[in-house]
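Q: Please walk me through how to read the strands, helices and charged pairs here.

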Amino acid sequence: MTRSSSAELLKSVEYWPNHLLTIADWALLPENNRHCRELVDGVLVVAPQPPRHQLAVWRLAAQLERALPRRVAAMARIELLIDEGSPPTVRVPDVLIVGGAAGAEHATRVRPGDVLAAVEIVSPGSRRVDRVMKFAEYAAAGIEHYWLLETEGTLRLLTHRLRDGRYVPTGEYTGQVTLELDGLTLPLDLDALTALRSPSSSGAAAGSR
């Protein structure tokens, strides 16, 4: 975080909500593409989005989307309504694989029943949330598959499936893999999620235009 963005964040804290938010309050918040915002038991939670993390999010969604049929969609950073009671909880997973009407319509807010798999990309600022809190919340909400992409060191995808109300590990993957999800075949290149484009390839692409 730069000095200017830190000052901007501190300034915004002065106007932070001093009460538990409702779903209606949440819907009225202005858009903010620089941070990931979630609502946990009515409390607004904000997390930074490092560039490497953002890159992996959008590339993962694009890789998955290419392999999915029309009735299913891979969507990045859409709202997942975990609990619409009072106070509510709204999570914004990195990537959701969504089926049914919500998948066909590319909905901007979904419920757990719409979700085939939730994917979180673990970064230094989200380790406890992704590995502990969301691990429990998504299981309690009945989301069948939960995948964690670990980005420290070698990229590793850890997959889990719901059994008897709890997630159990089903695999650990690196490099180029092919996953099976409810009868769907999903080829993924994990290394490509954060790989930087080489200057030579960029120049070649520019010369071919």
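**Reading a sheet and its salt bridges**

A: Buried means under 20% relative accessible area, exposed means over 50%, and partly exposed lies in between (1.4 Å probe, protein chains only). This is a predicted model, where local features need pLDDT of at least 70, side-chain atom pairs count only at pLDDT 80 or more, and totals for chains, interfaces and linings use all residues. Residues are numbered from 1 along each chain as its sequence is written, and side-chain values use heavy atoms, without hydrogens and water.

Q: Which residue forms a salt bridge with glutamate 38?

A: Side chains of opposite charge can pair when their charged atoms come close. The cut-off for a salt bridge is a side-chain nitrogen of Lys or Arg within 4 Å of a carboxyl oxygen of Asp or Glu. Here the partner is lysine 134, with the closest N and O atoms 2.9 Å apart. Lysine 134 sits in helix H5 and glutamate 38 in strand E1 (residues 35–40), 96 residues apart. Helices (H or I, at least four residues) and strands (E, at least two) are DSSP runs, numbered from the N terminus. Lysine 134 counts as buried because its relative accessibility is 3%.

Q: What other salt bridge does lysine 134 make, with glutamate 120?

A: Their side chains meet at 3.0 Å, N to O. Glutamate 120 lies in strand E8 and lysine 134 in helix H5, so the pair ties together parts 14 residues apart in sequence. Both glutamate 120 and lysine 134 are buried.

Q: How many salt bridges are there by this rule?

A: The count comes to eleven. Among them is glutamate 144 with arginine 161, at 3.0 Å, N to O. Glutamate 144 is in the loop between H5 and E9, arginine 161 in strand E10. Through shared partners, salt bridges join Glu38, Arg91, Glu120, Lys134 and Glu137 into one network.

Q: In what order do the six strands of the open sheet run?

A: Strands of a sheet pair through backbone hydrogen bonds, either parallel or antiparallel. Two strands pair if DSSP finds at least two bridges between them. The order is E3-E6-E8-E9-E10-E11, with mixed pairing. Strands E3 (73–76) and E11 (166–173) are at the edges; each has a single partner strand, so one side of each lacks a neighbour in the sheet. E10 (residues 156–163) and E11 pair in the antiparallel sense over seven bridges. In that pairing, leucine 162 stands opposite tyrosine 167 in E11.
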